Amino acid sequence: MKRKAKVKIDCNKCKSPADCCRFGAWADLEEAKKITSLGLKGEFFQLEKDKDFPSGYCIGTSYEDNPCTFLDPDGLCSIHKIDYNLKPNSCKEFPYEKNRVSPFAKYLCTAVKKKRST
């Protein structure tokens, strides 16, 4: 049985870097507290219990199907502009999730869409 080669995606080459932010992300509650302390324009929504996050809680960066509230008018991440290390881990890891390509990547990541169509 043949295994598929692991997909390698270089986000630095992305021509539309805000595509993956179209529906926001989930942040650990402790990450959200640090981001909030930056005083950026943006909000968090819908705190939920989630054992997959270090604090046991996660919170969203968008409301329903809206883009991440931390995108600036240029469509770039305002958190990243201040300190990449403060970005939620789910953002830094995307398009991967638990060391595999995220199931959402086929909808949000231009590179994954391109690889699927070739």
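What follows is a short exchange about how the features of this predicted model are named.

Reader: What are the ground rules here?

Author: This is a predicted model, where local features need pLDDT of at least 70 and side-chain atom pairs count only at pLDDT 80 or more, while totals for chains, interfaces and linings use all residues. Residues are numbered from 1 along each chain as its sequence is written, and side-chain values use heavy atoms, with hydrogens and water left out.

Reader: What makes a stretch a helix or a strand?

Author: Both are DSSP runs, numbered from the N terminus: helices are H or I with at least four residues, strands are E with at least two. By that rule the chain has five helices and five strands. Along the sequence they read β-α-β-β-α-α-β-β-α-α.

Reader: Why is Ser78 called buried?

Author: Buried means under 20% relative accessible area, exposed means over 50%, and partly exposed lies in between (1.4 Å probe, protein chains only). Ser78 has 13%, so Ser78 is buried. Its place is in helix H2, residues 78-82. Of the 118 residues of the chain, 28% count as buried.

Reader: How do you know what Ser78 touches?

Author: Contact means heavy atoms within 4.5 Å. Neighbours within four places in sequence are left aside, and Ser78 is then in contact with Leu40, Lys41 and Phe70. Phe70, counted in that way, is in contact with residues including Ile35, Phe44, Thr61, Cys77 and Ile79.

Reader: What makes a set of residues a nonpolar core?

Author: The members are buried Ala, Val, Leu, Ile, Met, Phe, Trp, Tyr and Cys residues, joined through side-chain atoms within 4.5 Å. The largest such core has 11 residues, among them Phe70, Ile35, Phe44, Cys77 and Leu86. Apart from it lies another core, of six residues, including Phe94, Ala105, Leu108 and Val112.

Reader: Why are S1 and S2 called edge strands?

Author: The open sheet of three strands has the order S1-S3-S2, with antiparallel pairing. Strand S1 (26-28) and strand S2 (45-49) each pair on one side only. The twist averages 30° from one strand to the next.

Reader: Which strands does helix H1 touch, and at what angle to S1 does helix H1 run?

Author: Helix H1 (residues 29-36) packs on the sheet, touching S1, S2 and S3. Its direction makes about 90° with that of S1. Axes are lines fitted to C-alpha atoms, for helices over the stretch in contact, and angles run from 0 to 180 degrees between N-to-C directions.

Reader: Is Gln46 buried or exposed, and what is its phi?

Author: Gln46 has a relative accessible area of 53%, so Gln46 is exposed. Gln46 lies in strand S2. Its phi is near 60°, a positive value in a residue other than glycine.

Reader: What makes Glu64 count as exposed?

Author: Its relative accessibility is 60%, so Glu64 counts as exposed. Glu64 is in the loop between S3 and H2. Phi of Glu64 is near 55°, again positive in a residue other than glycine.

Key
Two strands pair if DSSP finds at least two bridges between them.
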